[in-house]
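Here's a quick briefing on the model shown below, grouped by topic. Have the 3D view open as you read.

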Amino acid sequence: MAPAARRRRMPAAQRREVILAAAEETFARCGYHGASLDDVAHAAGVSKALIYEHFTSKRELHASLLDAHAAEIFARLQAGAERGETGEQRLRSGIDAFLAWVEEHREAWRALFRDASDPEVAALVARLQGQATGVIAALVASDPDAPAELAGDGPDRALRVEIHAQLLSGAVQSLATWWEERCDVPRAVLVDRAMAFFRQGADAPAGARPVPEVTAAAAAVAGVPAR
């Protein structure tokens, strides 16, 4: 009988992708802190020593995953921001592009972005959030039809735009996390509500009293009686 054919060794780049995919699933299931390189090795069907040939630590492995997904997210944001004639239309396209990524990569979102409170992850996530806020601020600032609160050429306009971009960025990320448990809600609904938040929040004058219906809804979500 002829000797068994020698098993072909998987190329290093392909092996790296296998490890990254296993790590994504493991981080999603166990969380960053709860996952170990032994868990990743088991999921990938490789030895822990082989993982160390590609990554020096769990943190580096996680950071590589985060960077890869961030690159895709920002590529989509850029492509979305290039569509539309107004800043508001480009902002809508950008929000839709981000939520489309979340819809297609729910496990990655859970694995990489819901562990932001972990000290080893927080700095990476904060950097990405800062970049996302910068993209939103640029879109808002470029819109000649921006809400009155964000319009004008006053010395504090940049600060107002930055604050509003931070609010919107945080709101959309929180919405994406909430959406994980409400997959039945169409993406278009979330985009519409995010844009309504952008317009209504920007148009609200300082010191304005909240709309009663909004106050009641917010109180219901928080589980406290409305005033």
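**Where H1 meets H4**

Arg16, Ile19, Leu20, Ala23, Glu24, Phe27, Tyr32 and His33 in H1 are in contact with Lys58, Arg59, Leu61, His62, Ser64, Leu65 and His69 in H4, contact meaning heavy atoms within 4.5 Å. By class, seven nonpolar, four polar and four charged residues make up this contact (Ala, Val, Leu, Ile, Met, Phe, Trp, Tyr, Cys and Pro count as nonpolar, Asp, Glu, Lys and Arg as charged, the others, Gly among them, as polar). Bear in mind that this is a predicted model, where local features need pLDDT of at least 70, side-chain atom pairs count only at pLDDT 80 or more, and totals for chains, interfaces and linings use all residues. Residues are numbered from 1 along each chain as its sequence is written, and side-chain values use heavy atoms, with hydrogens and water left out.

**Packing and burial**

- Helix H1 (residues 12-34) and H4 pack at about 105 degrees, their axes 10 Å apart (axes are lines fitted to C-alpha atoms over the stretch in contact, with angles from 0 to 180 degrees between N-to-C directions).
- That angle makes H1 roughly perpendicular to H4, a label for 65 to 115 degrees.
- Ser64 sits in helix H4 (residues 58-81) and, at 18% relative accessibility, counts as buried (buried is under 20% relative accessible area, exposed over 50%, partly exposed in between, with a 1.4 Å probe and protein chains only).
- Leaving out residues up to four places away in sequence, Ser64 touches Arg16, Leu20 and Phe55.
- Leu65, also in H4, is buried at 4% relative accessibility.

**Salt bridges**

- The count comes to nine salt bridges, each a side-chain nitrogen of Lys or Arg within 4 Å of a carboxyl oxygen of Asp or Glu.
- Glu104 and Arg76 pair up at 2.7 Å, N to O; this links distant parts of the chain, with Glu104 in helix H5 (residues 87-104) and Arg76 in H4, 28 residues apart.
- Glu104 is exposed at 51%, while Arg76 is partly exposed at 21%.
- Glu72 joins Arg76 and Glu104 in a network of salt bridges.
- Within H1, Glu25 and Arg29 are four residues apart, about one turn of the helix, and their closest N and O atoms are 2.9 Å apart.

**Whole chain**

- The chain has ten helices and zero strands (DSSP runs: H or I of at least four residues for helices, E of at least two for strands, numbered from the N terminus).
- Of the 227 residues, 39% are buried.

Notes. Parallel < 35°, antiparallel > 145°, perpendicular 65-115°, else oblique.
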